[in-house]
Amino acid sequence: MKSIRLLLPALLLAAAICSAQTAPLPQIRQNGAVQHFFVDNKPFLMLAGELHNSSASSAEYMKPIWDKLAAMHLNTVIGTASWELVEPVEGQFDFALVDAQIKQARQRNMRLVLIWLATWKNAGSSYVPHWVKSNPKRFPPMLLKIRPNSGLASFLAADMEQKGTGPLSPLGEETLKADAKAFRALMRHIREVDPQHTVIMMQVENEAGSLGDSRDRSPLAEAAWAQPVPAALMNYFTQHKAALLPEMQDLWKRNGYKTSGTWAEVFGTDEWADEIFMAYHVGRYIGEVAKAGKAELNLPMYANAWLGPQPNQETPGKYPSGGPVARVMDVYRAAAPSLDFLAPDIYVPDFKGTCALYARSGNPLFIPEARDQVGNLFWAFGHHAAWAWAPFGVEDLNPEGQVSQAYMLLTEMLPQLAAWQAAGKVKAILVAEGEKPEPLSLGGYRITLRRGGTGGTAAGASTPSGELPGAVSLSTRALSNDTRPFALVVNTAPEEFLFIGANGDPAFAVDSPGPARVGISAKDEGRYEKGKWVPGRRINGDEIYTPALPGPKIGMLKVKLVRFD
């Protein structure tokens with residue numbers, strides 16, 4: 001009897017381990033009207049934030065941050081694993097910092113997306129180990145003809161060159177082998193220690209490309225430039241000619257849609273031809289690293305982009321040439337089929353336009369870095385069914401600020417929101433600075449959000465001073481309250497709409513057959529608790545003349561309509 005009592009806990013533990021090991025892999029699936037990211041076989045919308053680059057390099061430094069992230073209602077943290085710390089000595093691996101992130105996230109029922117900071121970070125190679133930095137013969141750098149007086153790009157490129165952190169060449173096969181080997185070891189370790197899939201996704205490298213020049217001009221790169229365009233790219237372009245994005249159509253067309261020849265013969269000799277060359281070779285490199293990792297643990301993987309063209313960075317080299325910017329998505333699909341999607345880091349004012357560029361030709365929208373302008377969260381989730389919008393430097397934000405408020409409200413209704421997205425019942429309104437409110441069509445109505453509320457400092461003036469490139473502040477990432485009118489809009493039932501947002505008041509017009517006029521029958525504040533609607537005040541009387549979502553606090557409102565002649 002005693003032996004049975006001793007055996008029972010072991011059996012229960014073995015059963016629990018077996019159950020954890022059979023947890024389904026996170027994956028991307030079509031779900032009704034949208035693509036969703038599934039975790040534990042359920043659609044998973046990430047209420048996310050990305051840590052500062054160096055935060056996760058110290059478990060001790062992170063200790064107070066984890067509870068702050070939980071207080072902000074994050075369900076996903078975008079952390080880091082850097083090559084220099086994972087493999088400080090060639091062939092000797094240390095995963096303690098990765099394990100610490102997994103442990104702390106799991107204790108708080110959070111998930112992790114990990115960034116593999118390896119060969120490239122912001123168009124440089126500062127995160128490679130010392131044994132890589134000190135051996136340029138084995139691990140060749142890019143050779144760049146840095147253009148003088150080309151603004152930020154030339155300054156950063158020259159600074160990295162002076163500090164010895166300039167970018168390594170994507171043509172360095174020894175570099176690729178070493179990077180892929182380390183990443184494979186990391187993914188093997190995650191497979192072994194994380195059968196529950198606390199880690200749900202991987203970012204491979206960070207904002208790769210050549211800055212200061214439109215392409216690598218090292219001997220390896222010059223030899224490749226003189227060779228025929230690889231068959232993988234030519235075959236992809238030929239097979240998908242009708243579906244190529246217009247940027248690639250135009251570039252390929254100008255030399256007569258040639259299906260063979262050198263890079264110059266097929267695409268030309270200007271900076272745009274250089275960008276395709278770099279995109280193919282950088283993409284191939286990242287794809288091979290991802291492929292090595294997926295051989296151990298087949299998690300979804302993506303590459304992220306420093307955006308371009310963008311204001312004051314209009315041509316390749318002024319932004320990292322060869323990075324996964326929207327215009328070269330087709331090149332990445334040919335060069336890196338192991339990547340599941342490409343993701344934008346959005347710091348430019350045109351948030352809507354950037355989202356639209358990345359939500360093309362089947363690419364799902366995932367935003368791993370952004371300013372903490374919370375109206376953009378609602379636009380991404382509502383207009384594009386995004387999987388995540390993650391403010392960068394999330395640990396700087398106020399646990400009671402707008403991001404935290406939004407995440408708290410959304411936490412209680414994520415399964416319903418995913419179901420509504422799949423049913424095509426979710427849209428969004430965001431009135432950017434200088435825009436006129438444009439109506440959206442949903443549920444038989446045209447809906448606008450009229451500006452209202454005070455909200456504090458105008459969003460257009462809320463950028464922190466003393467910014468570094470990419471809008472990273474010298475002191476804090478936190479912005480002032482977002483005072484633009486914004487809302488997530490859901491058609492929850494016939495003649496019924498849910499609004500989550502601030503700084504506006506919804507207005508309706510008829511957009512379907514039937515009585516020509518529409519009025520508001522009921523307007524209720526409220527919230528969701530564990531998926532169940534909990535009504536608050538019924539707005540009536542004098543209050544009907546004040547904005548229903550006044551801001552700056554994020555509010556939730558249900559509106560019931562009535563039609564009449």
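Q: Why is Asn503 called buried?
A: Buried means under 20% relative accessible area, exposed over 50% and partly exposed in between, with a 1.4 Å probe and protein chains only. Asn503 has a relative accessible area of 1%, so Asn503 counts as buried. The model is a predicted one, in which local features need pLDDT of at least 70 and side-chain atom pairs count only at pLDDT 80 or more, while totals for chains, interfaces and linings use all residues. Residues are numbered from 1 along each chain as its sequence is written, and side-chain values use heavy atoms, with hydrogens and water left out.

Q: What makes the phi of Asn503 worth a remark, and where is this residue placed?
A: Phi is positive, about 70 degrees, although Asn503 is not a glycine. Asn503 is in the loop between S18 and S19. Such labels come from DSSP runs numbered from the N terminus: helices are H or I of at least four residues, strands are E of at least two.

Q: How many aromatic pairs does the structure hold, and which residues form one aromatic cluster?
A: There are 23 aromatic pairs in the structure. One aromatic cluster is formed by Trp225, Phe237, Trp252, Tyr257, Trp263, Phe267, Phe277 and Tyr280.

Q: What makes Arg215 a charge over the ring of Trp225?
A: The test asks for NZ of Lys or CZ of Arg within 6 Å of the ring centre and within 35 degrees of the ring normal. The charged end of Arg215 sits over the ring of Trp225, 4.2 Å from its centre. Arg29 likewise lies over the face of Phe38, at 4.1 Å from the ring centre.

Q: How do you know that Ala123 is buried, and what is its phi?
A: Its relative accessible area is 0%, so Ala123 is buried. Phi of Ala123 is near 65 degrees, a positive value in a residue other than glycine. Ala123 is placed in the loop between strand S6 (111–121) and helix H5 (130–133).

Q: What makes up the largest nonpolar core?
A: A nonpolar core is a set of buried Ala, Val, Leu, Ile, Met, Phe, Trp, Tyr and Cys residues joined through side-chain atoms within 4.5 Å. The largest one has 138 residues, and those with the most contacts inside it are Trp116, Met202, Leu233, Phe267, Phe378, Leu410 and Ile500. Helix H12 (residues 271–294) gives the most to this core, with 13 residues. Apart from it lies another core, of 19 residues, among them Val39, Ile78, Ile200 and Ala343.

Q: Which residues are in contact with Leu410, leaving aside its neighbours within four places in sequence?
A: Contact means heavy atoms within 4.5 Å. Leu410 is in contact with Leu47, Leu377, Phe378, Leu417, Leu488 and Ile500.

Q: Why is helix H16 called mostly covered?
A: In H16 (residues 402–411), eight of the ten residues are buried. They are Gln402, Val403, Ser404, Gln405, Ala406, Tyr407, Leu409 and Leu410. Helix H15 (residues 374–384) is also mostly covered, with nine of its eleven residues buried. H15 is followed by Ala385, whose phi is positive, near 50 degrees.

Q: How do you know that Gly79 is buried, and what does it touch?
A: Gly79 is at 0% relative accessibility, so it counts as buried. Gly79 is in strand S5 (residues 76–82). Not counting residues up to four places away in sequence, Gly79 touches Leu51, Gln101, Val113, Leu114 and Ile115.

Methods. Rings of Phe, Tyr and Trp (its six-membered ring) pair if their centres lie within 6.5 Å; planes under 30 degrees apart count as stacked, over 60 as edge-to-face and the rest as tilted.
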